[in-house]
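Visitor: I would like to learn how to read the interfaces in a model. Please take me through one.

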Amino acid sequence: MTAPPALHLSGRATIDGAPIFGPISIDAPPGEWTCLLGPSGVGKSTLLRLLAGLGDEVAFDGKVAAGDGAPLGGRVALMAQADLLMPWLDVTANVTLGARLRGMAPQRGRAREVLGRVGLADHAAKRPHALSGGQRQRAALARTLIEDRPVVLLDEPFSALDARSRALMQDLAAEVLAGRTVLHVTHDAAEAARLGHNVLLMTAGGVSCVTPPAAPTPRLYDAPETLGFQGRLLRLLMEAR
Amino acid sequence: MRRTVHITGVALVSLLAWQAVVTLADLPRFILPGPDLVFVTFWTSRALIAEHALVTAAEVLLGLGLGAALGFASAILLVASPLTRSVLRPMLVFSQAVPVFALAPILTLWLGYGLWSKVAMALLIIYFPVTSAFFDALMRTPPGWLELARVMKASPGRTLWRIRVPAAMPGFASGLRLAAVYAPIGAIIGEWVGASQGLGYLMLLANGRAKIDLMFAALIVLAVLTLLLHAAVDVVCRRLWDG
Ligand SMILES: Nc1ncnc2c1ncn2[C@@H]1O[C@H](COP(=O)(O)OP(=O)(O)O)[C@@H](O)[C@H]1O
Ligand SMILES: [Mg+2]
């Protein structure tokens, strides 16, 4: 992995003339985990897709850049709410999909190592339909990890999981993605309170920065300062117009 | 098991109804022979029927295989680039405006009275359903998968081959299931227009000689062959693509 760059996006986006967000400006520091917290429909996914080089349907008037000035293309991995596993491939083949899509030999050894890290060592030969929702998201995380990109964009990847699986996935993701520039879109104040080195609050009024507790991430879900911060985020969400 | 019982039950009821109609309406056997007579004729003419059934089966299988391969390739070409699409699509639409049945005499003229004019007929009749079912499925790849491929810096060719094609196989399978039912129709039409072999030919021959019982025996064999083909294609498709 090359050195993780900072991320910057500023401007406004429309789709077919309808405003989606902005004008706003967001920055994610290099090598840190930044949560972008906001209610559904404020344009979080659209923003993330722009950073990933997607969103052909979006008319974007502004600037997307990496802190080091080099292009972002090829340095980004994306993990969405849907696991996007191919049902006709087993877990190993799903995890090594990127290499094969680029015409390179799948790195089976790396796949085994990464699957071990996410706790799927015993499921490498299974098809996705034989996995639980939590295991499927672990496989998607392994697929993201093996890409070894310095920038990782997460679009509510844990929101479909039950509370326990979600907390476990948050711990795992914080561990394995440490050191990368992570921009994590979520609508869950508790999740932002646990994971963000930085928390950006995105509402219809714009984006503001909220300083999280000093405790290292992943923060304990029942620590008073985590709960207090979660409550504060929720209040800010409720009071936003 | 329950399905077998069900099918057998339905077949038995149909046979009884058939026999009842023949008996009650007192139909002459050259209009509608009873199932008993048809079965006797089937048994005494089994070698003859088998010989012709084999020819029709070969025509159908060849037509199905070639038509499926051609449909597969055409759909791939259609999605591969806007250029091939702009050339191929109008041709496909126009070809659909020509009734395939009307081509049978021309095919016989070009390909002769033998096997290949019937294979071509079966092929033509299944080509469009297979192509359009597969093409539609190829155009409906879930957008999330395509975006994942883009972020992974996949080439369009590899995205097509590794994601769009496998994702579209259930669509191809539904085209094949239709084709299994259509292909025998094509082969029989081909045989009616000009042939010296095959179940369609045998039916015409029997009709000309007022052997209605033989006609019905051939017809039932044809129906059973079609059902078996459909079931076989269904099993293969399920195995391969869980579709
Ligand atoms: N392809 C699209 N065409 C039209 N409107 C869209 C499209 N994608 C998203 N939108 C609209 O843009 C707004 C923001 O969507 P999105 O970025 O998905 O928000 P979020 O992820 O914060 O829930 C929504 O109102 C949504 O309806
Ligand atoms: Mg969203």
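Visitor: Which domains does the assignment give for chain A?

Guide: Domain bounds come from an automatic or database domain assignment. For chain A that assignment gives domain 1 (7-75 + 149-239) and domain 2 (86-148). The C-alpha centres of these domains of chain A lie 25 Å apart. On conventions: this is a predicted model, in which local features need pLDDT of at least 70 and side-chain atom pairs count only at pLDDT 80 or more, while totals for chains, interfaces and linings use all residues. Residues are numbered from 1 along each chain as its sequence is written, chains are lettered from A and ligands numbered from 1 in the order in which they are written, and side-chain values use heavy atoms, with hydrogens and water left out.

Visitor: How many residues of domain 1 of chain A are in contact with domain 2 of chain A, and what area do the domains bury?

Guide: The size of an interface is often given as the accessible area lost when the parts come together. Here buried area uses a 1.4 Å probe and is summed over both parts, and contact means heavy atoms within 4.5 Å. In chain A, 13 residues of domain 1 are in contact with 12 residues of domain 2. The two domains of chain A bury about 1,100 Å² between them, 63% of it on carbon and sulfur atoms.

Visitor: How many salt bridges and polar contacts are counted between domain 1 and domain 2 of chain A?

Guide: A salt bridge is a side-chain nitrogen of Lys or Arg within 4 Å of a carboxyl oxygen of Asp or Glu. A polar contact is a pair of N or O atoms within 3.5 Å; within protein, one must be able to donate a hydrogen and the other to accept it, and residues adjacent in sequence count only if both atoms are side-chain atoms. Between the domains of chain A the counts are 2 salt bridges and 3 residue pairs in polar contact, both residues at pLDDT 80 or more.

Visitor: Where is chain B divided, and what area do its domains bury?

Guide: Chain B is divided into domain 1 (1-32) and domain 2 (33-242). Their contact takes 8 residues from domain 1 of chain B and 9 residues from domain 2 of chain B. The two domains of chain B bury about 730 Å², 70% of it on carbon and sulfur atoms. Of the area that domain 1 of chain B buries there, B:Trp18, B:Gln19 and B:Arg29 supply 61%, more than any other three residues. Across this interface of chain B the rule finds 0 salt bridges and 1 residue pair in polar contact.

Visitor: How many salt bridges does the rule find across the interface of chain A and chain B?

Guide: The rule finds 2 salt bridges there. The side chains of B:Glu147 and A:Arg49 meet in a salt bridge, at 2.4 Å from N to O. There are also 6 residue pairs in polar contact between the chains. The contact takes 25 residues from chain A and 18 residues from chain B, and the buried area is about 1,900 Å², of which carbon and sulfur atoms give 66%.

Visitor: Which residues are around ligand 1?

Guide: A residue counts as near a molecule if one of its heavy atoms lies within 4 Å of it. Around ligand 1 the residues include A:Ile15, A:Pro39, A:Lys44 and A:Glu57. An oxygen atom of ligand 1 is 2.7 Å from a polar backbone atom of A:Gly41, and an oxygen atom of ligand 1 is 3.1 Å from one of A:Gly43.
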